[in-house]
Amino acid sequence: MPAVKEIDRIDALEKVLGATLYAGDMYIEGMLYGVIVRSTRPHATISKINIKEAQYLEGVVKILSCNDIPGKKEFGIIKKDQSLLAEKKVRYVGEPVLVVVAETERLARKAAELIQIEYDDIISIHDPFTSEKAPVLIHGSGNLLSHRTVLKGDVQKGFRQSDVIVEHTYRTTWLDHAFLETEAGIGYMDNTGKLVILTSTQNVHYKRKEISRILGLPEENIRVIQATTGGGFGGKLDMTVECYVALAVYHTKKPVMIRFTREESFLSDTKRHPLYIEYKTGARRDGKIQAVEVNIIGDTGPYISYGETVCLRAAIHATGPYEVPNVHVDSRMFYTNNPISGAMRGFGVPQIAFAHESQMDEIAYALKLDPLHVRMINGLKKGSRTATSQILEASAGYIETLKRLEPYWQGRKKLKGRGFGLGSMFYGIGNTGITNPSYAHLSIAENGKIALHTGVCEIGQGSDTVLLQILCESLGVDDKNVELIRGDTDTSKDAGSTSASRQTYISGMAIYNASIKMREFLDKEEYYKGRGLKDIFLTYKEKGVPVFEGFFDPPTTALDPETSEGKPYATYAFATHMTEVEVDEITGYTKVLKVYAAHDVGKAINVRNIKGQVYGGIAMGIGFALMEEFRPGETHSLDAYYIPTSMDMPDVEVFIIEDEEPTGPFGAKGVGEPALIPQAASIVNAIKDAVDVRPFELPCHIERLKGLIESKTSK
Amino acid sequence: MKQIIILTVNNKVYEIAVAPNRTLTQVLREDLNLTGTKEGCGIGDCGACAVIMDGRPVNSCLVLAVQANGSDITTIEGIAEREKLHPVQQAFVEHGAIQCGFCTSGMIISAKSLLDKKPKPSELEIREAISGNLCRCTGYQKIVEAIMDASQKMKK
């Protein structure tokens, strides 16, 4: 039973009418358009820029370079290492060099094409393995961005105790978020002289900070409002258009829009990190895992973005949802002159899940044990000690996800060319080992509604609806009596980014926290005895309507720099997917037929939203496993980057497991990333079951699988 | 070098002067302010710009406005009848077949277009009809369920 009364998505009506305005739909009289001129070289110094022809084109208003930045010239979500506009050096194809501002978009693009930039090429690095010892430094500090280790017990002892050792290497490639709405924003000066930016984003408060730094203006002079956002998946966490729009408005004093074409989006959007994973697992004859040793090498591109986060998160999650007594994980991220890799749904965990789940099946095959049984006897549960030596105190429903699928697993009927595979995962909710608070506040608006102020960005996942439900349930009000005021730096405090599956859990709890205080007030004011909100508002109108602040920061600890020992997350989500595939041995084509997905979400707030996340995660997992591959310099359109269509989707059954999280709102955790993480792994294991070949590299597209099948039969 | 064209859009007739290189998407969005039609790629890959033109669903980014001269066009803004949602729209709301919403207009256009021709489609026919509409959020399942449901309700 859901804990909270379910409502329809609050944005649904406007969206089906086509009435919702996204940033790129907006229009302001007299507005200008900006286009970014980008580097065509992976690594070079700029020797000459010729803007003459473009400058004199009628309708071109301004051409902005790094010299036009009034404040700090660098930005970056974790560290400020990236030039807003390149000064002397470019480090990847697509790096912004200039911004052309013109009266029309077409004109701005035409002008951008007329600009000539001359470069002196520098040797470029495209392989993380050569990066470490390369004579060329991408930054002054060396080409290793980050090295993290996770140590527990004694792996050598663990391998000595093992009856079987399985060792394999796994590889993944770049993926693009491919949100349907490309990056877009519009900015203007309001009548108080404040610079306002409406943008497609996952984090308004972060964007305000960056604009403030770049322009050298106090944050109070800048307002960032989230426009309805057409998908994020991590790709709208980093600064995309915001600072460029702000810079153009600053210099022209006119409204300016920047929206990326699909080609620009492919060129500039951060990618999922390609990871190279060497994985060694030792187990006893009974299937109990004794030791895991993992070596992860990642390609982060030339700038940090979320590279360190992915490096650490992949390391922490490397053992999967299993209790392993002896662990040694090394995780390294190297700079290259490839595209910037950053946040993408799961921060490295989907990649590592592909590896640990393949390993679990290989252990089961080697010992002639049932893969589900091997997972069951090793699975994390309440009281287990994770690889970072965190004791799981509550809400650890992993075993339950297996039990829920067990009847389907045991009842599976294998037909020729078909196979079944399992994939499991655990995922820490929220940022890793650091404070990541959320604030919210409540009041009564003049129209007699409860005003809910939150900085949470809705990116399509449904946070608006879920947060509203949490408020209504804890306050005992109807959703029609609430006005949601969100995603605006002028009306809300920082709720942190919409990322890491954190908003239901963290911001939900902040809202819950505020509503407990407001409930007391409303009780005193006899609201629950029938007094109207408007009446209460009028009583307080003169002396000021009270504001009820809510706050939540999940209890985590910093990690030991050498062993990563500590409590990186307050809670974890758990999931298992079971997938049936059919493989055509002649062509190498894999059809995903059926997925059973079991998710421990703590407590379901909105079942339809959870299912929506799981279906969408499965689609993205199918893309990751079978078809998606971004090739630098070659992928410019959705014609060359295949994302699953309606024809690629299997029948899906979702099972919701509710092992309540005591620190979450009504017991809820998060599901956004967990929905995707185990899917590719379960497909790979099903392919192995179907045709007895194991893909060690993703995507396992037609040619790759055909090659694997052919080399098997020729043996 | 502009040309005068006549378009019937959502039952209203417009006479518009357009440059020959402008697409139907651009004219709908910029000249007629019908921004419910989205542009996700501009080259016919994603289906976000789908409209019904003379009874057929088309990607409006692949149609030059001058080619549409004399056509009868329905956009997402013309699907509901006055205050009443079209059954497909209603079903999308009820099933929660929407996440970010950027593909929604094109999806509804493709679905309506299918049901106009084939009131009782099979699930496979529905999947085929929306196979040119990319969605990155929903995994299509609830969209398919919503279209099935709408077709059931329209039969009555």
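User: Before we start, how should I read the numbering and the confidence limits?

Analyst: Residues are numbered from 1 along each chain as its sequence is written, and chains are lettered from A in the order in which they are written. The model is predicted, so to speak: local features need pLDDT of at least 70, side-chain atom pairs count only at pLDDT 80 or more, and totals for chains, interfaces and linings use all residues.

User: At what angle do H6(A) and H7(A) pack?

Analyst: Helices here are DSSP runs (H or I, at least four residues), numbered from the N terminus. Axes are lines fitted to C-alpha atoms over the stretch in contact, and angles run from 0 to 180 degrees between N-to-C directions. Helix H6 (residues 204–215) and helix H7 (residues 242–252) of chain A pack at about 45°, their axes 9 Å apart. H6(A) and H7(A) are therefore oblique to each other; angles under 35 degrees count as roughly parallel, over 145 as roughly antiparallel, 65 to 115 as roughly perpendicular and the rest as oblique.

User: Which residues of H6(A) and H7(A) meet?

Analyst: Contact means C-beta atoms, placed from the backbone, within 7 Å. On the H6(A) side you'll find Lys207(A), Glu210(A), Ile211(A), Ile214(A) and Leu215(A), and they meet Glu242(A), Cys243(A), Ala246(A), Leu247(A) and Tyr250(A) in H7(A).

User: How do H10(A) and H11(A) pack?

Analyst: Helix H10 (residues 349–367) and helix H11 (residues 371–378) of chain A pack at about 115°, with axes 8 Å apart. H10(A) and H11(A) are therefore roughly perpendicular to each other. Met360(A), Asp361(A), Ile363(A) and Ala364(A) in H10(A) meet Pro371(A), Val374(A) and Arg375(A) in H11(A).

User: Which residues touch the most other members of the largest nonpolar core?

Analyst: In soluble globular proteins, nonpolar side chains tend to be buried together. A nonpolar core is a set of buried Ala, Val, Leu, Ile, Met, Phe, Trp, Tyr and Cys residues joined through C-beta atoms within 7 Å. Buried means 20 or more other C-beta atoms within 10 Å, exposed 12 or fewer, and partly exposed in between. This core has 271 residues, and Val100(A), Val245(A), Ala246(A), Leu247(A), Ile683(A) and Ile687(A) touch the most other members. Helix H16 (residues 607–627) of chain A gives the most to this core, with ten residues.

User: How many residues does each chain give to the contact?

Analyst: Chain B gives 39 residues and chain A gives 43. Helices H2 (87–95), H3 (104–117) and H5 (141–155) of chain B each give two or more residues to its side.

Methods. Contact = placed C-beta atoms within 7 Å.
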